[in-house]
Amino acid sequence: MGKMLFGAISQTIFTVRRQAPELIRPAQPTPRELKPLSDIDDQEGLRFHIPLIYIYRQDPKMRNKNPASVIREALAKVLVFYYPFAGRLKEGPAKKLMVDCSGDGVLFIEAEADVTLKQLGDPLMPPFPCMNELLYDVPGSDGIIDSPLLLIQVTRLLCGGFVFALRLNHTMSDAPGLVQFSTALGEMAHGASTPSTLPVWQRELLFAREPPRVTYAHREYDNIEDAKGTIIQQDDITHKSFFFGPTELSALRRLVPVELQSCTTFELLTACLWRCRTIALQPDPEDEMRIICLVNARYRFNPPTIPIGYYGNTFVMPCAISTARELCKKPLAHALELVRKVKSDVTEEYVRSNADLMVIKGRPLFTAVGSFIVSDVTRSGLNDVDFGWGKAVYGGVAKGGAGSFPGVSFFVAFTNHKGESGIVVPICLPSVAMEKFVEELNSMLVQDNNNHVLQAHKLLATSKL
C-alpha cells in the first residue's frame, strides 16, 4: 500500500523591508456618489477580507523596471474606471451596505525581501511562509465599514521576481470580478489607456424583488445553535494543501459506480473531501453534516441578465445534507449523488429567492455548524494576470478558510514539478483530525471499487503546523 509523499514547505526565515503604507487615489477626478451593493453582495457571510497571492519570476527584459512603481502607477489609472474600490463602505437601515465613492484610495505597500523565489517554497502552493510579512495587516485597515476596500503589497525578491499580494473586501467582488479588475490593472501596467473590458456596476440587477418571496428552503442559512461546540476554533488549526493530478483523480474515479461516471472533477473531488473530512472530525453519528458548494450563477439566467463587465458577487451557496453516519458508512456514491443534485438545483429563481431571503431574514450568516464549504476557482484565470513579467507562477488564495471560519476550501489550478496539471486544495483542520484526514484520503487513493490494491499513488501535501 502506498504512502503519501509530504513535501515540507520552506521554513526559511527572511526579512521584509516595507515602505510606509500609502493611499493610491484615482489618477483623475471620479464621481462622488453612493452606490448600494446587491442583496447577494452584502450578506453576513461575505463581510470579511480575503487574501490572495500572485508570485512572478524575474524577466530579463524587465530588469530595469521596478514592479512596485509599475503597479502603483497602473493602479491610479485603473481606479479611474473602478472608482468604487477607492471608496468606503457605509451601512444603512436594515444592514444595507453601500459604497461612498469618496476617492479616499486603495492601500498600497512597496517592500523588498532578502529571499529568493525558490526559498519561498518548492512547490509554490499555500500555505505560504510568513504571509503576514508578504501582506502586512496595516493597523486599523481590516474593518468592513469605513475601511479601505483593497490592500495591495508588492514585494521584490533577491532573484528579480516579486510577490503581488492583495486583500479584498469580499462584499465588493467574487473571483471572476477580482480577475476582471486584476486583468485591467495588468493592461494598464502594459500601457493601455482603457481596460479591454469596461466595468459595469448595476448591482440593482441582484436586488431583492418587490415584494420579496422565498421560494426555496435554502438550508445553507439554517439558524443552528452550536450546542455541542463542534465549530472548529482557530487556536488549534493545521493547514495543509493537497495536490490532485491525473493519477490521483483516476484513482478516485475508480471508486465511482458506472451510473455516476459522468460526474465532473469538481463533483468527484468535493464528495471525496466531504466524506474524508467528516470521518476525520468524528462527529456524533446522527449529526447533520452540510456541504455548501459555491455556484457561479452568471450563466443561470434566462434570458442572460448579468452583463459582461459586471464585477459584483454572482454566486450562491446551495447545500446538501447528510447524517454523519450515512456519510461515513455508505460508499462515496452517496456523497457524490448529493453534491450533483445540489449543483443542478441552481436556477434563476434560486438566485432571486436567495436575494429575497437576505432582505426578509436580515442578511444572515451561512450555517457554520457541521458545514464544509468548497469554491472552485480553477477556471477563474487568477494565474493569467500579467503585469509585464508574464503569467504568475502561482495565482490564487493564500490559505484555506474564510475570515474567522476555517471550514472553507478552494480548488486552485496548479502544475506540479513534473509538468502535470491538476488541482491544489488547501484544507484546515485541528491537528488530530488532520492526521485522520490524511490517513483516510490515502486509503481511498490506494484501493479500487472492489477493494483491490492499486499501484501506490503519491499525494503531494504541504504543511504548516
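Contact here means heavy atoms within 4.5 Å. In this predicted model, residues V70, I71, A74, L75, K77 and V78 of helix α1 meet F181, A184, L185, M188 and A189 of helix α3 by that criterion.

**Packing of α1 and α3**

- Helix α1 spans residues 67-78 and helix α3 spans residues 175-189; the two pack at an angle of about 115 degrees, with their axes 8 Å apart.
- The crossing of α1 past α3 is right-handed.
- The contact of α1 with α3 comprises ten nonpolar residues, no polar residues and one charged residue.

**Packing around α5**

- Two packed helices are described by the angle between their axes and the distance between the axes.
- Helix α5 (residues 265-281) and helix α9 (residues 431-445) have axes that come within 8 Å and cross at roughly 135 degrees.
- Because angles from 65 to 115 degrees count as roughly perpendicular and those over 145 as roughly antiparallel, α5 is classed as oblique to α9.
- The crossing of α5 and α9 is right-handed.
- On the α5 side, the residues involved are C272, L273, R275, C276, R277, I279, A280 and L281, and they meet A433, K436, F437, E440, L441 and M444 of α9.
- By class, the contact of α5 with α9 contains ten nonpolar, no polar and four charged residues.
- Helix α4 (residues 246-253) also packs with α5: their axes come within 11 Å and cross at roughly 75 degrees.
- The helices α4 and α5 are therefore roughly perpendicular to each other.
- L249, L252 and R253 of α4 make this contact with T265, L268, L269 and C272 of α5.
- Five nonpolar residues, one polar residue and one charged residue form the contact of α4 with α5.

**Nonpolar cores**

- In soluble globular proteins, nonpolar side chains tend to be buried together.
- The largest nonpolar core holds 95 residues, of which L75 and F164 touch the most other members.
- Helix α1 gives the most to this core, with seven residues.
- Apart from neighbours within four places in sequence, F164 is in contact with L52, I53, Y54, Y56, I71, I152, Q153, V154, L185 and F387.
- Two of these partners, I71 and L185, also take part in the contact between α1 and α3.
- A second, separate core has 56 residues, L268, A320, L332 and V374 among them.

**Buried strand residues**

- V99 is located in strand β6.
- With a relative accessible area of 0%, V99 is buried, because the cut-off for that class is under 20%.
- V99 and A86 are 13 residues apart along the chain, and their C-alpha atoms are separated by 9.4 Å.
- Not counting residues up to four places away in sequence, V99 touches E33, L34, K35, L37, P84, G87, R88, L89, L149, M172 and W201.
- V412 is found in strand β17, which covers residues 408-415.
- V412 counts as buried at 2% relative accessibility.
- V412 and V377 lie 35 residues apart in sequence, with a C-alpha to C-alpha separation of 5.6 Å.
- V377 is also one of the residues that V412 touches; the others, residues up to four places away in sequence not being counted, are T378, Y394, G395, V397, G422, I423 and V424.

**Backbone exceptions**

- Most residues other than glycine have a negative phi, and most peptide bonds are trans.
- P126 and P127 are joined by a cis peptide bond with omega of about -5 degrees.
- P127 is placed in the loop between β7 (106-113) and α2 (131-134).
- A cis peptide bond also runs from N302 to P303, with omega near 0 degrees.
- P303 is placed in the loop between β12 (295-296) and β13 (315-316).
- K95, a residue other than glycine, has a positive phi near 60 degrees.
- K95 lies in the loop between β5 (88-91) and β6 (97-100), and counts as partly exposed at 30% relative accessibility.
- Q202, likewise a residue other than glycine, has a positive phi near 40 degrees.
- Q202 lies in the loop between α3 and β10 (237-244), and is partly exposed with a relative accessible area of 37%.

Methods. Residues are numbered from 1 along each chain as its sequence is written. This is a predicted model: local features need pLDDT of at least 70, side-chain atom pairs count only at pLDDT 80 or more; totals for chains, interfaces and linings use all residues. Side-chain values use heavy atoms; hydrogens and water are left out. Helices (H or I, at least four residues) and strands (E, at least two) are DSSP runs, numbered from the N terminus. Buried means under 20% relative accessible area, exposed over 50%, partly exposed in between (1.4 Å probe, protein chains only). Axes are lines fitted to C-alpha atoms, for helices over the stretch in contact, and angles run from 0 to 180 degrees between N-to-C directions. Angles under 35 degrees count as roughly parallel, over 145 as roughly antiparallel, 65 to 115 as roughly perpendicular and the rest as oblique. A crossing is left-handed if the near helix is turned anticlockwise from the far one by less than a right angle, and right-handed if clockwise. Ala, Val, Leu, Ile, Met, Phe, Trp, Tyr, Cys and Pro count as nonpolar, Asp, Glu, Lys and Arg as charged, and the others, Gly among them, as polar. A nonpolar core is a set of buried Ala, Val, Leu, Ile, Met, Phe, Trp, Tyr and Cys residues joined through side-chain atoms within 4.5 Å.
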